[in-house]
Amino acid sequence: QVQLVESGGGLVQTGGSLRLSCVASGRTFNAYALGWFRQAPGKEREFVAAIDGSGTSTYYADSVKGRFIISRDNAKKTVALQMSSLKPEDTAVYYCAAAYANIYKAGDYYSQDRYNNWGRGTQVTVSS
């Protein structure tokens with residue numbers, strides 16, 4: 001088990017940038033796949049981005065591809081989401097999640113059911 005704490009959310013104008021960070025506690029951090037999900041008001045939580053344990057492979061939702069970048073620092077036990085060219089539709093609570101021994105193929109990274117550790121979320125609001 002790892003505990004995850006997100007930070008970096010806030011209010012930004014359309015076209016602006018924000019960097020979310022998630023710090024983990026616990027051992028064997030590099031054994032976890034990490035992901036970012038988001039939930040907008042009145043909508044279901046959706047996949048945003050994910051990264052494998054080594055940081056070699058990354059995965060993105062089509063809606064954020066080319067605008068968001070996920071990265072991790074295993075020495076510091078952190079995962080970040082650099083968000084650029086933000087749009088009002090990016091407004092949501094963003095959650096950091098970790099999956100241990102539950103990812104078997106590329107498609108699993110996109111499924112929130114594969115993640116067994118979740119942070120409490122950080123609010124991102126993009127004004128028009």
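Visitor: In this predicted model, how many bridges join E3 to strand E8?
Guide: We're looking at a predicted model, so keep that in mind. Strand E8 covers residues 78-83 and runs antiparallel to E3. One spot to look at is Leu18, which sits opposite Met83 in E8. The bridges joining E3 to E8 number six.

Visitor: And which residue in E3 does Ser7 stand opposite?
Guide: Start with strand E1, residues 3-7, which pairs with E3 in the antiparallel sense. That pairing runs over five bridges. Look across from Ser7 and you land on Ser21.

Visitor: Which residues make up the covered face of strand E3?
Guide: In a regular strand, side chains alternate between the two faces of the sheet. Strand E3 spans residues 18-25, and Arg19, Ser21, Val23 and Ser25 are on its uncovered face. That leaves the covered face to Leu18, Leu20, Cys22 and Ala24.

Visitor: Which residue forms a disulfide with Cys22?
Guide: Searching the whole structure turns up one disulfide. The two sulfur atoms are 2.2 Å apart, inside the 2.5 Å cut-off. Cys22 is in strand E3 and its partner in strand E9 (residues 92-100), so the link ties together parts 74 residues apart in sequence. The partner is Cys96.

Visitor: Is the link of Cys22 and Cys96 left-handed or right-handed?
Guide: Check the angle about the S-S bond, which comes to -80 degrees. That makes the link of Cys22 and Cys96 left-handed.

Visitor: Is Cys96 buried or exposed?
Guide: Buried means under 20% relative accessible area. Cys22 has 1%, so Cys22 counts as buried. Cys96 has a relative accessible area of 0%, so Cys96 is buried.

Conventions: Residues are numbered from 1 along each chain as its sequence is written. This is a predicted model: local features need pLDDT of at least 70, side-chain atom pairs count only at pLDDT 80 or more; totals for chains, interfaces and linings use all residues. Side-chain values use heavy atoms; hydrogens and water are left out. Buried means under 20% relative accessible area, exposed over 50%, partly exposed in between (1.4 Å probe, protein chains only). Helices (H or I, at least four residues) and strands (E, at least two) are DSSP runs, numbered from the N terminus. Two strands pair if DSSP finds at least two bridges between them.
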